[in-house]
Structures are given as C-alpha cells and as structure tokens.
Amino acid sequence: MKKLLVSALAMLLAFMLLSCTPDRQDHGQTGGQNGDAVNIRLWSFPIGEWNDNVNVSSILSAFNRTHPDIHIEAKAITYETGDAEIENAIAKGTAPDIVFEGPERLVADWGNKGIMADLGELFDEDLGIDIMPQVEAACRGKNGYNIYPLCMTTHCMAINRDLFEEANAWQYVDEEHHTWTTDGFIKAVNALYDYGITNVASVYCASHGGDQGTRALVNNLYGGKFVNSDHTEYVVNSPENIQALKTLVELKDKGVEFDTSIVGSDAINAFTNGETAMTFCWNISAELTHIKNTVQPSFDIFPIAFPSVGRPALQGGIWGMGVFDNGDPDKIEACKTFIRYLIKQKYEDVVVATGFLPVDNELDFYVNDELRTEYDIFSEYLGDYYQISRNWTQARREWWVMLQKVANGEDIPVQPEGAPNVQANPSTGTVNMDIGCAFGLNGDI
C-alpha cells in the first residue's frame, strides 16, 4: 500500500499544464452587442486548488488573449463567509456574474429562486465532453440548467492504516473493496481505544463545512437516508438515522467525539497531523492538497467508504459555473463564452487546478495513475445526489445545529412506531430538524 507521496515531477507537470496548454481558436461572441467591452465578475468558492492565484491568473490571462473585449475580475470567497457575501450582494443588486460552486447553491437555492440564468443551450452544444448522466441530472432545477459542471468527486473517509494494524483493527477492513461494515467499524473503534488511542475521530459540527461527511456517516451506519428517492420528502427522522446517532453517542466514551468547535477542514488537518485515527471528511483532492501543502504524514493513509450494513451510498461532489441573471444580456452571453472557453480550450487545466476529477469519466488527466486508480473505486458507491432538494440550504443548516444539540447532551427522541415521516408542506416554506421534533422536517420540497 502506498505512502502519501507524489513526485515533484508530477506536481511540476500539473503547474506546467496551467501555463503551457496551447489555446485552440474559440469563435464565441466577445464584447457587447455594440462592440463595447464587457466586464464580468467571477466569484469562486475554494474548489480544491482553484483559488490558487497562479492557477486562476494563468487561465484568465489565456482567455483574455483570445477574448480581449471580455474582462473578468476574479474574487476568491470562503465557505465561512461566502454565502453571506453573496446574499448581501444579491440584496444590493450587485450579485457577481459567475459563481464557481455546486448545485446545492446554484440550483437548489439561487436557481430555484429564479435569479440564475438558464444554461440549457450549453448542454445542447457539442463542447467535447460527455457528462455523466447522474451529474447532468443534478444540474437542472425547476428553472432549467443553472450550472455547467466542470469537475466532481466522490467523498469518502480515511483511516490511519499504521495505527489500525498496530491496534489489531485492520482485520475489520475490506482492503480490496475499500469498505467495512457497521459492526466492523464499532469493533475497530473499540480496538483503537483499547490500544490507547483516545482521539479516534471527530463528528465535527461547528457549521456546514464538510457536512457531506457527517451526513454520509449517519445515513450509512444503518441504511438511512436524508431525502427520499424522488426528493419530495425529508426522511431524516427515520429509525435508522436515530439508531445511528445513538450508536455514535455510545462511542463518545471510546474516543469518537462530537466537536462543536471544528468543521471538516479542521478534522482533515487533525487527521493528517496524526492527532486522530480517522477522518469523516476526505476525497482525492484532500489527499492531493495535503501532499502539496503540508508536511508529509509519517503514516499510510487508506481511503475507505463509510461503514454500512449493506452497499455504501456515498455523497458526490459536483462543481461548476453558474451565471446570475443580473438583467444584462451582454454579460450573460459573455459568461457563456467564458464557460465554453473553459470546456473547449482549458478543460484539462481547470480539472487539474481543482485536484478533482472530470465530469466525463472517460477522461484521465492525472500523472499519478496509482492514486487515481485507488480513488476511482468510490465512483461505484456513488449515491443519490439529493442536495438539489428544495429548501436545501435551510435543511443543511438544521443538520449541523441538530448535531450540536446531540453534542450538548440533548436526548435523541425515539420516533413512535409506525409514525410516518413528516410530509413536505408547501405552505410553510420552512424546515425544522429540531431535536425535540423527532427530526421531523416540515418543508417545501
């Protein structure tokens, strides 16, 4: 099994791609209808390594060489403050023209509110990539296609293989398939704790950062779901999910802590620093990022699916460009021209810059084939992309607030036998996952 190592040559090649990939001619519209320059603003959440100034500047400079009449001002925003910045800008009528993010915001939130442009015509064009069907499906909301996807990943978790072997916990891992059972997970936690590891893992819940990990953890332990299969009802208050939370609470005495002070990125740092034996927030980009930016961990990192009672259902991550409809057709068309350029001329550069994978699974851009091959297995376990459900933003907030209540010792309610999940109520427009409501959700889905 590999150690967390990538040659300097591989990273050098990745950077060379950003500056040396030749431009192909793009015949998209440039400038406004009268030939005037068009200024557009691109705001990007931290999608892998995209917000590295070298990456963005190189791609934007190449774009301006072929489209001198479209000026793009790039701004990097964070998950801690980015939502508030964009909401404030929307309220003031100064929303950015393009946002690089995922369907949760671009489709389920702003798209369903009717303030994003429909990018359907881009899907009708032959831009040279074959988007996976489940990815394309996540890009469409009630008002059309509100995101054009650029990259994706399948989120997993990771364990410290060295510690697992030393603690005799490795026996509970299916190395070939990168999976383990719920029973095996519980036994492994106990083995690690008995070996002397007091900080086994953190159920982080300071905010929504990395919450795809905690949702997948709870949903997989006993086969629960967050939303039903047709996205018409939140089903978080199922007996399976309640049992999963009870199991995690029971493991608090074995080194699995609910931590209200950290988010997913903090849990990743604690893991790579050797402070915990596993992390519930991981993917291929996390590994590539820490190879590049941190002191090399002295242990073998083994990526693994979340423990489950059956076949794991992992959360997917999809990221792409969404265009705000700010009432200026020239700006919308300029944004589409930029998106076409990214796909037709710079697609490999964009994907490599993020560290994630192409949305066309026939493409392979990475020099480190061993690492890519190891993570490819997780695409087999890709579950439903339910993050485009209505009222997703509010439901997502209620999730980590609920985890904080569990962390603070509030009782986990038992749903009455035979009681149905609370059906969505279009008249309320609210979501409630309060611990005192048996995780019932009332919401417009």
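Modeller: The model is predicted. On that basis the protein chain has 16 helices and 13 strands. A residue counts as buried when its relative accessible area is under 20%, and as exposed when that area is over 50%. Of the 445 residues of the protein chain, 57% count as buried. Among contacts between residues at least 6 apart in sequence, 79% join residues at least 24 apart.

The part I have picked is strand 7, residues 156-160. Five of its five residues are buried, and the strand is mostly covered. In a regular strand the side chains alternate between the two faces of the sheet. In strand 7, C156, A158 and N160 point one way, while M157 and I159 point the other way. The residues of both sets are buried.

Next come the partners of this strand. Strands of a sheet pair through backbone hydrogen bonds, in either a parallel or an antiparallel sense. Strand 7 pairs with strand 10 over three bridges, in the antiparallel sense. One end of that pairing can be named: C156 has W282 of strand 10 as its bridge partner. Strand 7 is also joined to strand 11, residues 301-304, by four bridges, and these two strands run antiparallel as well. Here N160 has I301 of strand 11 as its bridge partner.

Of the 42 residues that line the pocket, the closest to its centre are P46, G48, Y79, S265 and I268. By type, the lining divides into 13 nonpolar, 21 polar and eight charged residues.

Leaving out residues up to four places away in sequence, T179 touches V173, D174, I304, A305, P312 and Y381. N168 is in the loop between helix 7 and helix 8 too, and its phi is near 60°, a positive value in a residue other than glycine. H231 is a further non-glycine residue with a positive phi, of about 60°. H231 belongs to the loop between helix 9 and helix 10 and is buried, at 19% relative accessible area.

Six strands form an open sheet in the order 2-1-3-12-6-13, with mixed pairing. Strand 2 (70-76) and strand 13 (357-358) stand at the edges with a single partner strand each, so one side of each has no neighbour in the sheet. At the strand 13 end, two bridges join strand 13 to strand 6 (residues 148-154), and the two run antiparallel. C151 stands opposite P358 of strand 13.

The buried residues of helix 3 pack against strand 1 (38-44) and strand 3 (98-101). Which residues of helix 3 are these? In helix 3 (residues 82-92), the buried residues are G82, I86 and A89. Seen down the axis of helix 3, they fall within an arc of 60°, so they line one face of the helix. An α-helix has 3.6 residues a turn, so residues three or four places apart point the same way. On the other side of helix 3, A91 and K92 are exposed. Just after helix 3, G93 takes a positive phi of about 75°.

I412 is in the segment after helix 16 (392-407) and counts as buried, at 10% relative accessibility. I412 and K246 are 166 residues apart in sequence, yet their C-alpha atoms are 7.1 Å apart in space.

Note on methods. Residues numbered from 1 in each chain as written. Predicted model: local features only at pLDDT ≥ 70, side-chain atom pairs only at ≥ 80, totals over all residues. Heavy atoms only, no water. Buried < 20%, exposed > 50% of the residue type's maximum accessible area, 1.4 Å probe, protein only. Arc of directions from axis to C-beta. Contact = heavy atoms within 4.5 Å. 1 Å grid on protein atoms, 1.4 Å probe; cavity = no way out; pocket = protein on both sides within 12 Å on 5 of 7 lines; lining within 4 Å. Nonpolar A, V, L, I, M, F, W, Y, C, P; charged D, E, K, R; others polar. Pairing = 2+ DSSP bridges.
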